[in-house]
Amino acid sequence: MIEPIKPPRRKNPLLRTRLPASPPRPRSRTSHGFTRAAAEGRFMLQRCEACGAFAYPAREACPSCLSSGLTFVDAPRRGMLLSEATARVPSDVYFRERAPWRIGLVRMDCGPTIVAHLHADCVEGAPVRMSLQLDKSGQAVAFAHPEGETPNMADDKQWREMTADPKFRRVLVTNGRSVIGQEAVAALKAAGARTVFVGVAEPWRPFAGEKLLRGQDGIEIVTLDAADEKSAADLAADIGGKVDILVNTTEYVRPGGLLDRRGTSIARDEIDQAYLGFINLAQAFGLAMRMRGADGINNSAAWVNILSVYALSNWPAFGAYSASQAACLSLSHCLRAELRPGGVRVMNLFTGPVDTEWFQTVPPPKVAPRAIAQAIVSGLKGGLEEMYVGDVAEEIRQRLAANPKALERELDR
Amino acid sequence: MTNSLRTPYDGVVIAAPVTIPYVRYSIESAQWWIGRALSALVAQAGIKASDIDGLCVSSFTMGTDSGIGLTQHFGLCVRWLDTIPLGGASAVAGLRKAARAVQAHDADIVACVAGDTNHVDSFRLTLENFSRFNQDAVYPYGAGGANASFALIARNYMRTFGVTREDVGRIAVAQRANALRNPHALMKAPLTLEQYLAARPISDPIHLFDCVMPCAGAEAFLVMREDTAASLGLPAARLLSTIERHNAFADDPMQVRGGWAMDIGELYAMAGVKPDDLDVVQTYDDYPVITMMQFEDLGFCKKGEGAEFVRQHDLTIDGDFPHNTSGGQLSAGQAGAAGAYLGLVEGLRQVLGTAGPTQVRNASLALASGFGMINYDRGLASGAAIFAGPSR
């Protein structure tokens with residue numbers, strides 16, 4: 001049984017800050033099939049198209065029939081823990097600092113045997129439920145959970161390395177004026193975040209929903225206009241060392257594409273707010289987050305972006321906005337690579353049109369801001385990297401995978 | 001498909017057992033250690049380097065070199081060449097190939113050599129770059145290396161067959177007693193069962209004295225025909241039988257037996273001997289529990305009776321079952337791929353009567369086994385050889 005983790009004490013500046021380290025990172029190209037699955041929280045294994053056998057580790061030919069038709073498919077998660085081992089003096093720096101580290105050999109009901117990280121409540125000879133997770137190197141690993149719920153399950157030491165659970169962490173939500181921002185604050189607080197800083201530009205100006213934020217225990221309104229480089233830098237100078245999770249809720253939605261708009265002024269605003277705002281936030285907060293990636297219970301753990309799913313395929317009705325989102329998506333991959341040495345994960349939430357005033361003209365289904373807030377929390381708790389929130393986003397994901405040209409044509413109407 | 005009958009190793013002999021004494025760390029390269037072994041082979045056999053017309057090499061730390069680079073490096077002109085990357089099974093595998101080469105006159109004198117250096121970070125680098133499955137699906141899990149992988153196997157084996165740490169410890173303790181008689185063994189202090197049991201855990205149930213000590217060193221021998229040895233006046237052991245097997249029992253969910261179990265009938269039939277006839281046995285002891293598994297799989301007792309076998313026998317040089325007489329890898333050290341050669345070379349000295357302080361009296365028939373390559377969840381390679389000294 002797991003002891004609940006305790007709230008971190010005030011940091012002693014005389015003690016060493018534990019520096020981030022990365023678990024072993026090299027993988028074969030084929031093995032990144034697991035990375036893709038882990039990013040979305042799926043459990044996939046290679047399965048032979050010819051004989052139906054499951055295989056693991058990643059292979060180039062089926063060990064049962066030598067077919068090269070091995071495809072990653074969603075696989076049954078249940079297995080049996082055959083044997084376990086506790087590494088006490090690993091040769092790798094990351095594991096050495098976290099030893100003892102418990103691993104096991106799991107025989108999957110669907111056939112293969114998998115070496116996995118073990119949740120502390122896994123018992124030899126008992127069934128386990130497997131998941132694929134991204135470890136602090138950003139690569140996929142197999143993780144075995146007990147089959148049922150156990151007390152304080154999410155507080156498991158090894159599991160917490162795989163996730164960015166808000167519990168006891170300090171979060172910066174960058175835009176408290178938006179409904180998504182306000183819902184995110186509430187959801188993160190409810191998930192156990194110790195402090196939620198809420199960025200508000202010119203906070204002396206009243207705004208809708210202000211009552212939900214002001215004067216609440218554990219919620220601090222801070223001055224932040226992400227599009228303003230100095231504003232971002234000033235705030236980082238103040239709280240940069242205590243932002244463990246950053247949720248970028250910057251929102252700037254305007255309808256229109258290219259030809260029906262005159263000039264670049266609206267496009268420039270979209271770029272200023274979404275793209276350059278992202279750059280300002282990254283430059284202000286990224287370095288400290290990367291440096292604090294292993295700093296105890298409340299180490300910095302994740303950066304969250306909320307992106308339009310039309311970042312993936314342009315929607316001409318909101319064509320320039322889609323382009324600004326595509327720019328942010330590309331930049332998020334750069335940020336992911338640059339935060340990776342700190343073990344800080346970058347999670348992108350893709351949404352369809354949100355149920356707010358700027359999508360007023362768009363017919364339903366639309367995504368409720370609360371659904372996005374809940375997805376942020378569940379993604380952080382599950383250690384995900386890509387999430388598709390709502391039916392529209394999920395549909396776009398599937399259509400894009402099926403035929404990107406068909407999607408492009410059909411978005412034009 | 002049934003296997004056809006194998007050609008006997010008639011007229012094939014092994015000679016000139018060479019050990020270059022081990023050191024814990026070396027600033028020299030693997031090539032340096034292999035060079036020392038070749039030089040010692042030539043000196044011991046009383047031949048010229050140019051008489052060597054076959055070369056078989058194993059090493060983990062040669063960098064970008066393989067056997068071909070070594071021919072030019074050492075000025076050897078050979079007509080038969082092999083590089084064997086089979087870890088702990090390299091010696092038996094090399095011997096098998098060399099034996100057939102000299103038997104078929106593809107070569108007359110084959111030098112079989114294994115050597116590795118041990119820089120302060122060699123061991124970690126070897127762990128990180130061991131195999132694709134290891135890189136993808138083992139090393140990222142706690143980076144415990146072979147210790148963690150064998151811990152999984154050991155724990156399951158011990159639970160399945162009711163084996164205790166004390167049972168396994170008897171093997172390590174006996175080998176330490178042997179090592180104290182081997183001046184080249186790295187371990188110089190006696191080891192009691194109490195000390196063994198009190199050792200710190202490395203990767204439960206693997207504790208400190210279950211682990212080999214990585215080091216630098218080299219081992220070598222020559223393979224030739226009986227007539228060649230006779231013309232050189234070289235004492236030699238006759239090769240009676242060998243087996244080799246890879247990826248055996250793939251359907252066993254966890255490894256409780258090695259490939260030997262598949263082939264021992266052939267091993268003893270080809271040699272025309274029984275397990276009881278052996279005077280000295282050298283197993284591959286990367287972990288004592290693997291040695292216990294070999295006692296079963298090589299036919300000294302039934303599966304599951306390894307612990308009882310160890311309790312019933314004295315495994316020291318003067319005991320009733322002389323085993324790993326040099327101290328084995330557990331007490332002499334594991335010089336990378338040379339660890340595969342350690343038992344075979346020591347067994348060769350035993351049947352030639354040149355083992356000195358570790359000599360088993362009247363030893364004339366020996367078995368040496370190999371085991372290696374924990375590619376993913378189990379050791380894949382296994383092999384064994386039986387050979388007889390001139391007195392038999």
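Colleague: How are helix 7 of chain A and helix 8 of chain A oriented to each other, roughly parallel or roughly antiparallel?

Modeller: This is a predicted model. The reading starts from the crossing angle, and angles under 35 degrees count as roughly parallel. Helix 7 (residues 265-291) and helix 8 (residues 319-339) of chain A have axes that cross at roughly 10 degrees and come within 9 Å. Helix 7 of chain A and helix 8 of chain A are therefore roughly parallel to each other.

Colleague: Which residues make the contact of helix 7 of chain A with helix 8 of chain A?

Modeller: On helix 7 of chain A they include Ile271(A), Ala274(A), Tyr275(A), Phe278(A), Ile279(A) and Ala282(A). Helix 8 of chain A contributes, among them, Tyr321(A), Ala327(A), Cys328(A), Leu331(A) and Leu335(A). By class, the residues of this contact between helix 7 of chain A and helix 8 of chain A are 13 nonpolar, four polar and three charged.

Colleague: At what angle do helix 10 of chain A and helix 11 of chain A pack?

Modeller: Helix 10 (residues 390-402) and helix 11 (residues 404-411) of chain A pack at an angle of about 130 degrees, and their axes are 5 Å apart. That angle makes helix 10 of chain A oblique to helix 11 of chain A, because the roughly antiparallel class takes angles over 145.

Colleague: Which residues of helix 10 of chain A meet helix 11 of chain A?

Modeller: Ile396(A), Arg399(A), Leu400(A) and Ala402(A) do, and their partners in helix 11 of chain A are Pro404(A), Leu407(A), Glu410(A) and Leu411(A). The contact of helix 10 with helix 11 in chain A has six nonpolar and two charged residues, and no polar ones.

Colleague: Now a single residue. Is His119(A) buried or exposed?

Modeller: Relative accessible area decides this, and under 20% counts as buried. His119(A) has a relative accessible area of 1%, so His119(A) is buried. His119(A) lies in the loop between strand 6 (113-118) and strand 7 (127-134) of chain A.

Colleague: What is His119(A) in contact with, leaving aside its neighbours within four places in sequence?

Modeller: The list includes Ile2(A), Arg102(A), Phe143(A), His145(A), Met153(A), Asp156(A) and Trp159(A). For one of these, His145(A), the C-alpha atom is separated from that of His119(A) by 5.3 Å, with the two residues 26 apart along the chain.

Colleague: How many helices and strands are in chain B?

Modeller: Chain B has 14 helices and 11 strands. The radius of gyration of chain B is 19 Å, close to the 21 Å that the globule rule gives for 392 residues, so chain B is as compact as a globular protein of that length. Along its principal axes, the C-alpha trace of chain B spans about 55 × 50 × 45 Å.

Notes. Residues are numbered from 1 along each chain as its sequence is written. Chains are lettered from A and ligands numbered from 1 in the order in which they are written. This is a predicted model: local features need pLDDT of at least 70, side-chain atom pairs count only at pLDDT 80 or more; totals for chains, interfaces and linings use all residues. Side-chain values use heavy atoms; hydrogens and water are left out. Axes are lines fitted to C-alpha atoms, for helices over the stretch in contact, and angles run from 0 to 180 degrees between N-to-C directions. Helices (H or I, at least four residues) and strands (E, at least two) are DSSP runs, numbered from the N terminus. Angles under 35 degrees count as roughly parallel, over 145 as roughly antiparallel, 65 to 115 as roughly perpendicular and the rest as oblique. Contact means heavy atoms within 4.5 Å. Ala, Val, Leu, Ile, Met, Phe, Trp, Tyr, Cys and Pro count as nonpolar, Asp, Glu, Lys and Arg as charged, and the others, Gly among them, as polar. Buried means under 20% relative accessible area, exposed over 50%, partly exposed in between (1.4 Å probe, protein chains only). The radius of gyration is taken over C-alpha atoms; the globule rule is 2.2 Å times the number of residues to the power 0.38.
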